[in-house]
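Biologist: Hi! Could you walk me through this structure, one piece at a time?
Modeller: Happy to, let's look at it together.

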Amino acid sequence: MRDYDELIAFLGEWGPFQRLIFFLLSASIIPNGFNGMSAVFLAGTPEHRCRVPAGANLSAEWLNASIPLEEHDGRQVPSRCRRYRLEALVNFSALDLRPGRDVNLSQVEQEKCLDGWEYSRDPFLSTVVTEWNLVCDNDWKSPLTTSLFFVGVLIGSFISGLLSDKFGRKNVLFATMGIQTGFGFLQVFSTSWEMFSVLFLIVGMGQISNYVAAFVLGTEILGKSVRIIYCTLGVCIFYAFGYMLLPLCAYFFRDWRTLLLTLTLPGLLYIPLWWFIPESPRWLLSQGRIQEAEAIVQKAARKNGVQAPEVIFDSVELQDLNSQNQQSYSVLDLVRTPNIRSITIMSVILWMVISIGYFGLSLDTPNLHGDIYVNCFLSAVIEVPAYTVSWLLLQNLPRRYSMAGVLFLGGCVLLFTQLVPASLHLLSIVLVMIGKFGITASFAIVYVYTAELYPTVVRNMGVGASSMASRFGSILSPYFVYLGAYDRFLPYILMGSLTVLTGILTLFLPESYGTPLPETIEQMLRVKG
């Protein structure tokens, strides 16, 4: 079969049809931006301490002394999970003894927070943590909540690839957008942490499935020159716009149920897009549905005001491709030959490490010094120049050198963070944001790179499987952040080291710069490293 891009070259690269597809598919990504990081605010843990019942009959002095102090970051702060035994304090208060003078507090027995906790209402009015007391003995549930979302993303990454290769990109795109919106709405009415987490997992499935389907659909419909812009300045920057909306919404809606409802309802605005976004002609051809592919391209020609040939896809010319597509492709085809197997293994490692760095740094914003809303906004804003730079790199430089360069930048800066004096908070934030810049740029490049390496017949499956592998990284990322409780530099050391090592691995991948998209596995085998 002749190159698909040559067959539809008469459409032009940037006509009304391409512009419509570009902006509609890019806009469909906006909810992914604020839903993907919503756990930063939905599952935020505010300052808290043990509650002392109002009827405990303690004097004001003993009430103030009821919480023991413990050292945290070199400061003495009230304990979050312990209090002095209430029965003993009531006796001391009744005897008119004074803490510190008549009673040595270090010798008073302590107990757990038997009457619950008092939570600070700054910066959150409520979160799922305060709703269901996910602190102290239950603090493991908070990172697990975020990890379960990414477990859903993991499942969705794999299933969406299989389903959209079988049922079409468009069908899966809209079905998963519906899942993301519908189950997100149900989350608002959660009555327990278990219910919230299960629904969060399902939302995660829809979130990534919609992202991958929109990415592949745009990659296959748009021309070669527009394809790179779509994958960086289109999909990724619109994702960043959604991410920027998250701290803005969270600032004004500080109750988690109201915030979640605000983030979910915009999904209904995408229903009319069904009548404007077509199926991928590339996918239709790979399924042997030549007439449907011709009808879409003919309609695109009319919209662009150009004359289409009477026969765009010749059935004789496509006979070999149709014969090829009678085969049933499975995930095993991603490891069928030594070449595709090597690419798949390296893609899996690459995606996993990039995901650990990206989500680890994004979820760590509450632990940076300063305002959580400002830090989250900065973390989102830095993605815009990162995607812009990645677009310039994709336009002008080989893929593997571009990828290795941004990975080395992000990893080395994160490793350097541990050398910054504790008093220079602003410099630490700047370095973390530069690290986020490098890793975000690599995330934009890796989508394009992976899509170019795999052929049409398994492209969505290949991107989906690679994306699935990255979700193991995102599942682990909340626990990388959690390691900061033991050593605040440990997450940066681990993420920086992994990122630098992956940058070296990237240099061994085949180079796809300047080559046409392969249609079959056989064509892919001619791509040399």
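**A chat about cysteines and surfaces**

Biologist: Let's start with Cys81: buried, exposed or partly exposed?
Modeller: Cys81 is partly exposed, because its relative accessible area is 28%. Buried means under 20% relative accessible area, exposed means over 50%, and partly exposed is in between (1.4 Å probe, protein chains only).

Biologist: Before we go on, where do these values come from?
Modeller: This is a predicted model, where local features need pLDDT of at least 70, side-chain atom pairs count only at pLDDT 80 or more, and totals for chains, interfaces and linings use all residues. Residues are numbered from 1 along each chain as its sequence is written, and side-chain values use heavy atoms, with hydrogens and water left out.

Biologist: Back to cysteines, then. How many disulfides are there?
Modeller: Searching the whole structure turns up two disulfides. A disulfide here is a pair of cysteine sulfur atoms within 2.5 Å.

Biologist: Which cysteine does Cys81 pair with?
Modeller: Cys81 forms a disulfide with Cys136, and their sulfur atoms are 2.0 Å apart. This pair links distant parts of the chain, 55 residues apart: Cys81 is in the loop between strand S3 (75-78) and strand S4 (82-84), while Cys136 is in the loop between helix H7 (128-131) and helix H8 (141-167). Helices (H or I, at least four residues) and strands (E, at least two) are DSSP runs, numbered from the N terminus.

Biologist: And is Cys136 buried or exposed?
Modeller: Cys136 counts as buried, because its relative accessibility is 15%.

Biologist: Why is the disulfide of Cys81 and Cys136 called left-handed?
Modeller: The torsion about its S-S bond is about -95°, so the disulfide of Cys81 and Cys136 is left-handed.

Biologist: What does Cys50 join to?
Modeller: A disulfide joins Cys50 to Cys113, with 1.8 Å from S to S. The two cysteines come from distant parts of the chain, 63 residues apart: Cys50 is in strand S1 (residues 48-50), and Cys113 is in the loop between strand S5 (110-112) and strand S6 (117-119).

Biologist: Are those two buried or exposed?
Modeller: Cys50 is buried at a relative accessible area of 1%, and Cys113 is buried at 9%.

Biologist: What pattern do the disulfides follow?
Modeller: Counting bonded cysteines along the chain, the pattern is 1-3, 2-4. Cys249 is in no disulfide, and the nearest cysteine sulfur, that of Cys376, is 11 Å away. Cys249 is buried, with a relative accessible area of 18%. Cys376 is in no disulfide either, and Cys376 is buried at 0%.

Biologist: New topic! Which residues form the nonpolar surface patch?
Modeller: Phe185, Leu186, Phe189, Leu265, Leu268, Ile271, Trp274, Trp275 and Phe276 form it, with about 950 Å² of accessible area together. Accessible areas come from the Shrake-Rupley method with a 1.4 Å probe; for residues, only the protein chains shown count as cover.

Biologist: Where is Phe189?
Modeller: Phe189 is in the loop between helix H9 (169-187) and helix H10 (193-221). Phe189 counts as partly exposed, because its relative accessibility is 48%.

Biologist: Zooming out, how many helices and strands does the chain have?
Modeller: The chain has 23 helices and six strands. Along its principal axes, the C-alpha trace spans about 100 × 45 × 40 Å.

Biologist: How much of the chain is buried?
Modeller: Of the 529 residues in the chain, 57% are buried. The chain exposes about 22,100 Å², and carbon and sulfur atoms supply 63% of that.

Terms used:
Patches are made of residues with over 30% relative accessible area and no salt bridge: like charges are joined within 9 Å, nonpolar side chains (Val, Leu, Ile, Met, Phe, Trp, Tyr) within 5 Å. A salt bridge is a side-chain nitrogen of Lys or Arg within 4 Å of a carboxyl oxygen of Asp or Glu.
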